[in-house]
Amino acid sequence: METEELVEKPGKALKAESKGDRERNIISEGVSQYINRELSWVRFNRRVLDEALDKSKPLLERVKFMAIYANNLDEFFMIRVSGLIRQLRNGVVNLPPDGMTPVEQLAAIRKALMVDIKRQINFWHNDMLHDLRANGIEILEFDELKDKQRRYLDNYFKNEIFPTLTPLAFDPGHPFPHISNLSLNFALALQDEDGNELFARLKIPESFPRLIQLPTDTEDKMEKMGLRQSASVDKFIWVEDIIEANLGMLFPGMRIKDAVLFRVTRDADFEIESDEAEDLLHSIVESVDRRRFGSAVRLQISKDAPKHIREILTRNLELDPFQVYALKNPVGLSSLMQLCKLERPDLKYPPFTPANPVELSDPRGIFSAIAARDILLYHPYDSFKPVADFIREASRDPNVLAIKQTLYRTGTNSPIVEALKEACQRGKQVAALVELKARFDEENNIGWARALESAGVHVVYGLIGLKTHAKLCMVVRREKGGIRRYAHLGTGNYNAVTAGIYTDFGIFTANPEIGADVSDLFNVLTGYSKQTEYRKLLVAPKTLRREIISRINREIACHRQNGGGHMIFKLNAISDKESIDSLYRASQAGVKVDLQVRGICCLRPGVANLSENITVTSIVGRFLEHTRAFYFRNGGDEELYLGSADLMPRNLDRRVECLYPVEDASLRRRIIDVILPVHLRDNVQCSELEPSGEYRRLTPPEGGFAMDSQLWMIDNSGMERSDDCPA
């Protein structure tokens, strides 16, 4: 598709781009020195899809990746694509560093996604369905059902589904109904007894599972040798297939000409004008409700949908042709996550038990252990339990005076929240900063904020115009020598569930300077303090970018003087132009730069005279790589920072973020000499970013050593604490 074909009337705003700015960023004909942010994300999600298509992985883990790919794509359209469409239609063009206009980005996104989505749906039909069936999990078509199964589903429809269905007519007397975000629907073409064609929309209720499981037939055994002998088969059918087979009950006396399944994605990126909102909590509740009514940005529809039905939907949803994705059913494959709940350990990764650091085994308790030395946790290889225990023990310790905590995404049934409530009930001063604006977790956080307030916790919602993304917890304790601060600082959320599937660092410390900094930062978050400079912490939005670039420049100076310049950044994303330009300068000066960036990377590595000394790799595997680590060789006086921030404008300018130094020499050595090298040597789950912007999957050399960093960490959990660990 040519960009001029993308939208019939692209708008006058496209003329606002600066040709001079675009030309300055060109390194060769048609190639910018920056990779487009949106296309980089599309390539990241492609690597997620690759995991689903990798037959060496356990089957239900592949199904999970298939669902994650689809869910990621939903959020991408709701937030990023919707933003580009708003630029296009509102006449406001905000060119990214690579210089692509909104219309160019939308065209490139669609072109790339059509390839990937076709790969996904074809693999589902041609491979994954067969693999599931071979392993005792069948997703049946309606015409495959036996009489007994049809009778069961007929009764299920009549007694359970039918009473909840509400067909909505669409004609001059009935306006086009609202189609809520991500809902599944049928567009129905009907014919009455007089031959008149009528239209209706039928929403599939979200109160039912997408996949309806059929009762187990004890006589239906696996007959194939070696496959679940004497075990019953798990059989499912799509709920929409049940409804479609029974549409006649909804429209007696009518002929159903067409029943077309479709799904609408809406703009969900609502900004909260928190400086104008008298009650931020109320404003967030309203914004969550508005998501159902945002402008439509994507229509997913059956490939065989009649042209006139497609036109009716696109016209009434006010969509352009490029926003329509017509593919073979099923649409909305994020629903496949339901299958991952099956009790089939034979089709999943083998379980492992996270380690409990021996440093925390002090019989005098966790505070004595932390007072003795800093303690590093590397989740999920180390248990998250010590983090919950830290707060729980603080809540029960009579010498603890106060607990302060940031909460971003806590999940459900949070042991952290329960420990904070208990602390308050035991008379401690407890303050919790609950970030209500954590996208797609707003409702969860609203619930926790209210529960904490009800328990007597001092709950605050952060700073006006900023998200608080820093991961901090501080305990103030009275001891013989006076008041002492104990802190936990992390790279990930205080969430017991994600701590089992995300890789994250966390440090316990009683370092007085770090404790004083954390205390000062909480005063900024909960009060009116305007402090911007800290003893040890690097804090966004005021100083973090400046301090990172200052250290990059210092590395350049050290290298020019003594050689050996080396930086390692392991993070989720890098798109900040100033940071990228600083890394380009480092490369041009000869500094070796190793970047391991799981997701978006707008830096283009391996370009002569620009970035030939920079390598970029990405690991996508069993666990979501979520750590942020920044290593500077610094002429031999090494520095290592961990924290919550990626090198993105949103992190550096619009969030409260915190990087903290690893002060303990032994902990620095574990990360610098073991953990980071293991991940940089990965040649199983790792891909390398090439100058073209595409990724090349790494493979072990023939006859050489295969390094799966996540598997190595599982197998060597605890061993990596040893000084003689063979990294």
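The model is a predicted one. Its open sheet contains three strands in the order 3-8-7, and their pairing is mixed. Strand 3 and strand 7 form the edges, each pairing on one side only. From one strand to the next, the twist averages 35°. Strand 7 and strand 8 run antiparallel and are joined by three bridges. Within this part of the sheet, Gln213 stands opposite Phe236 of strand 8. In general, the strands of a sheet pair through backbone hydrogen bonds, in either a parallel or an antiparallel manner.

Helix 6 lies across strand 3, strand 7 and strand 8, and runs at about 115° to strand 7. The helix comprises 15 residues, 147-161, which at 1.5 Å a residue should span 21 Å; the C-alpha atoms at its ends are 20 Å apart, in agreement with that expectation. Its buried residues are Gln149, Leu153, Tyr156, Phe157 and Ile161. Because these residues cover an arc of only 100° around the axis, they are on the same side of helix 6. An α-helix has 3.6 residues a turn, so residues three or four places apart point the same way. The buried residues of helix 6 pack against strand 3 (137-140), strand 7 (211-213), strand 8 (234-238) and helix 7 (239-245). On the face turned away from the buried side, helix 6 carries the exposed residues Asp147, Lys148, Arg151 and Asn159.

Beyond its neighbours within four places in sequence, Phe236 is in contact with Ile137, Glu138, Ile139, Leu140, Leu211, Ile212, Gln213, Gln338, Leu339 and Leu342. The C-alpha atoms of Phe236 and Glu141 are 9.1 Å apart, although 95 residues separate the two in sequence.

Trp238 also lies in strand 8. With a relative accessible area of 8%, Trp238 is likewise buried. Its contacts, leaving aside neighbours within four places in sequence, are Trp124, Ile139, Arg210, Leu211, Pro330, Leu333 and Leu336. Of these contacts, Arg210 is 28 residues from Trp238 along the chain, and their C-alpha atoms are separated by 5.9 Å.

Key: Residues numbered from 1 in each chain as written. Predicted model: local features only at pLDDT ≥ 70, side-chain atom pairs only at ≥ 80, totals over all residues. Heavy atoms only, no water. Helix = DSSP H or I, 4+ residues; strand = E, 2+ residues; numbered from the N terminus. Expected span 1.5 Å × (residues − 1). Buried < 20%, exposed > 50% of the residue type's maximum accessible area, 1.4 Å probe, protein only. Arc of directions from axis to C-beta. Contact = heavy atoms within 4.5 Å. Pairing = 2+ DSSP bridges. Axes fitted to C-alpha atoms, helices over the stretch in contact; angles between N-to-C directions.
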